[in-house]
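Here are my notes on this model, as numbered points. Please read them with the structure open.

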Amino acid sequence: FRVMRVVRLVRYFTRVQRIIKVILKTFQSLGHYLLLLLLFIFIFAVLGQQLFGHRFGEEPPRHNFDTFGMAAVTVFQLLTLEDWDSVLFDAMRFTQPAAAIYFVVWIQVGSFVLL
């Protein structure tokens with residue numbers, strides 16, 4: 001019940017009310033942004049699955065494009081730039097050096113959408 005005291009205090013501070021309203025409006029517009037980001041992740045996961053699916057050898061590394069779920073996780077990993085170079089080098093080693101185009105395009109598009 002002590003939490004309710006804090007909520008009642010917010011009612012008296014107009015600046016805090018204004019900040020809370022702005023935060024709520026921001027969360028509403030964040031949904032469209034997340035939908036756009038998920039759309040791009042979906043597109044590049046399907047594209048990566050078509051280009052690199054089941055081509056990382058008999059014992060594929062943890063980051064692979066064999067299933068849609070793993071492709072989406074790998075695309076998200078590339079988006080966060082976490083160990084992206086090892087994914088790139090594995091794709092180039094098991095397919096062809098032109099595979100780097102996919103990774104450069106995704107990192108550029110993903111960074112643009114993320115920022």
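1. Start with Gln49. Leaving aside residues up to four places away in sequence, Gln49 touches Phe65, Asp66, Thr67, Phe68 and Ala71. Bear in mind that this is a predicted model. Gln49 sits in helix H2. Its relative accessible area is 24%, so Gln49 is partly exposed. Met70 is also worth checking here: Gln49 and Met70 are 21 residues apart in sequence, and their C-alpha atoms are 9.1 Å apart in space.

2. Next, the salt bridge. A search of the whole structure finds 1. Arg93 pairs with Asp90, and the closest N and O atoms are 2.6 Å apart. Both partners belong to helix H4, residues 84-94; they are 3 residues apart, so about one helical turn separates them. How does the cover of the two partners compare? Arg93 counts as exposed because its relative accessibility is 58%. Asp90 has a relative accessible area of 12% and is therefore buried.

3. Now the nonpolar surface. Leu9, Tyr12, Phe13, Val16, Ile19, Ile20, Ile23, Leu24, Phe27, Leu30 and Leu34 make a nonpolar surface patch of about 1,100 Å². Which helix gives the largest share of the nonpolar patch? That is H2, with 8 residues. Ile19 lies in helix H2 and is one of the patch residues.

4. Then the charged surface. Arg2, Arg5, Arg8 and Arg11 form a positive surface patch. Arg11 lies in the loop between helix H1 (2-10) and helix H2 (14-52). Is Arg11 buried or exposed? Arg11 counts as exposed, because its relative accessibility is 51% and the cut-off for exposed is over 50%.

5. Please check two backbone angles. Most residues other than glycine have a negative phi. His54 has a positive phi, near 60°, and is not a glycine. His54 lies in the loop between H2 and helix H3 (68-79). With 63% relative accessibility, His54 counts as exposed.

6. Asp83 is not a glycine, yet its phi is positive, about 60°. Where is Asp83 placed? Asp83 is in the loop between H3 and H4. Its relative accessibility is 39%, so Asp83 counts as partly exposed.

Technical notes. Residues numbered from 1 in each chain as written. Predicted model: local features only at pLDDT ≥ 70, side-chain atom pairs only at ≥ 80, totals over all residues. Heavy atoms only, no water. Patch = residues over 30% accessible without salt bridge, like charges linked within 9 Å, V, L, I, M, F, W, Y side chains within 5 Å. Areas by Shrake-Rupley, 256 points an atom, 1.4 Å probe, with all protein chains shown as cover. Salt bridge = Lys/Arg side-chain N within 4 Å of Asp/Glu carboxyl O. Lys, Arg positive; Asp, Glu negative; His and termini not counted. Charge placed at Lys NZ, Arg CZ, Asp CG, Glu CD. Helix = DSSP H or I, 4+ residues; strand = E, 2+ residues; numbered from the N terminus. Buried < 20%, exposed > 50% of the residue type's maximum accessible area, 1.4 Å probe, protein only. Contact = heavy atoms within 4.5 Å.
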